[in-house]
Amino acid sequence: MMLCIIYFVTMKIYISIILILITVQLRAQSNYKRITHFVLDATIGAGTEYETPYYILRTEKEYPKILIDAGIHGDEVAGIYAIDTVMKYINVREGTVAFIPKVNIQAYRNNTRGMGEDLNQVFPGNKDGKIYEERLAYEFMKFVEEFRPDVVINLHEAWTKFDENWYNKKKDKSFGQTLITNSEDPPRFLKNALNRINYNITNEEYKFRIQYFPFKPNHSMDNIIDKLKIPSYTVETLRILPLQERINYQIYCILSFIDEAGIIFDYDPAW
Ligand SMILES: [Zn+2]
């Protein structure tokens, strides 16, 4: 008899807890506007130690189509977090937007530039490479080739701010707050995106500028342009700035490029 009562009381507590949980969940759902087309498509390098997810926001209209990647260098985190934020609040209406937030996911987990090798030094990669970054670069290229975006944007960060004199004198890699192109004559697309980005930045010192960087055979951007004939540009935020500020700059860049690519979307962080 005693056991029976204990059993019933316990069951009642269980049922109450379950009901409370369901209520909380329903309430959370009703407050949250769902983005219905949010899709985790698959991963690059499925089943390998470098397996990393990509996300594609699809609509009924496939083009215009943009691919944005971050984490080619695992410790340049502002672009990675910016993608997380944009994916949460964007609602794409026309066109396709794809993200690969953590290209070198192992390097990201270890908060380092690369593991066996700097990934941005081994493009276009090698499918039988001994170091995993070489195989990852190969699979990344294969993904871009099959996906066929109109443009690819690579999100990076640099330790120092761009300084023209310093660059001309020493060819120093000071690329903070720049949009990099390997074309000496930047296309209208890039100039327009730059204007959109800088419109959001009030501090003159941290407005972006376009920087020409000569062709480098081992870089992802140059291989996308050269081998796949797809335009590609690189964003570099200044890494000594506070993280939240860098994330905001990266968000401006992502949204400006998506906009300039002709994709129709809403973006409302108040959701
Ligand atoms: Zn980088």
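User: What does the handedness of a helix crossing refer to?
Analyst: A crossing is left-handed if the near helix is turned anticlockwise from the far one by less than a right angle, and if the turn is clockwise it is right-handed. This is a predicted model, in which local features need pLDDT of at least 70 and side-chain atom pairs count only at pLDDT 80 or more, while totals for chains, interfaces and linings use all residues. Residues are numbered from 1 along each chain as its sequence is written.

User: How many helices and strands does the chain have?
Analyst: Both are DSSP runs numbered from the N terminus: helices are H or I with at least four residues, strands are E with at least two. By that count the chain has 8 helices and 10 strands.

User: What share of the residues of the chain count as buried?
Analyst: A residue is buried if 20 or more other C-beta atoms, placed from the backbone, lie within 10 Å of its own; it is exposed if there are 12 or fewer, and partly exposed in between. Of the 271 residues, the buried share is 38%.

User: Why is strand 6 largely enclosed by the rest of the structure?
Analyst: On one side of strand 6, Val 151, Ile 153, Leu 155 and Glu 157 are buried, and on the other Val 152, Asn 154, His 156 and Ala 158 are too. In a regular strand the side chains alternate between the two faces of the sheet. Strand 6 (residues 151-158) is largely enclosed because its buried residues number 8 of the 8.

User: How many bridges join strand 6 to strand 9?
Analyst: Two strands pair if DSSP finds at least two bridges between them. Strand 3 (residues 65-70) runs parallel to strand 6 with 5 bridges, and there Asp 69 has Asn 154 as its bridge partner. Strand 9 (residues 232-238) also runs parallel to strand 6, with Ser 232 standing opposite Val 152. The number of bridges between strand 6 and strand 9 is 7.

User: Are helix 4 and helix 7 parallel, perpendicular or oblique to each other?
Analyst: Axes are lines fitted to C-alpha atoms, for helices over the stretch in contact, with angles from 0 to 180 degrees between N-to-C directions. The axes of helix 4 and helix 7 (residues 220-228) come within 11 Å and cross at roughly 50 degrees, and the crossing is right-handed. Angles under 35 degrees count as roughly parallel, over 145 as roughly antiparallel, 65 to 115 as roughly perpendicular and the rest as oblique. Helix 4 and helix 7 are therefore oblique.

User: How many nonpolar, polar and charged residues has the contact of helix 4 with helix 7?
Analyst: Residues are in contact if their C-beta atoms, placed from the backbone, lie within 7 Å. Ala, Val, Leu, Ile, Met, Phe, Trp, Tyr, Cys and Pro count as nonpolar, Asp, Glu, Lys and Arg as charged, and the others, Gly among them, as polar. Met 141, Val 144 and Glu 145 in helix 4 meet Asn 223, Ile 224, Lys 227 and Leu 228 in helix 7. By class, the contact has 4 nonpolar, 1 polar and 2 charged residues.

User: Which elements are included in what covers the buried residues of helix 7?
Analyst: The buried residues of helix 7 are Ser 220, Met 221, Asp 222, Asn 223 and Ile 224. Their cover includes helix 4, strand 6 and strand 9.

Terms used
Contact = placed C-beta atoms within 7 Å.
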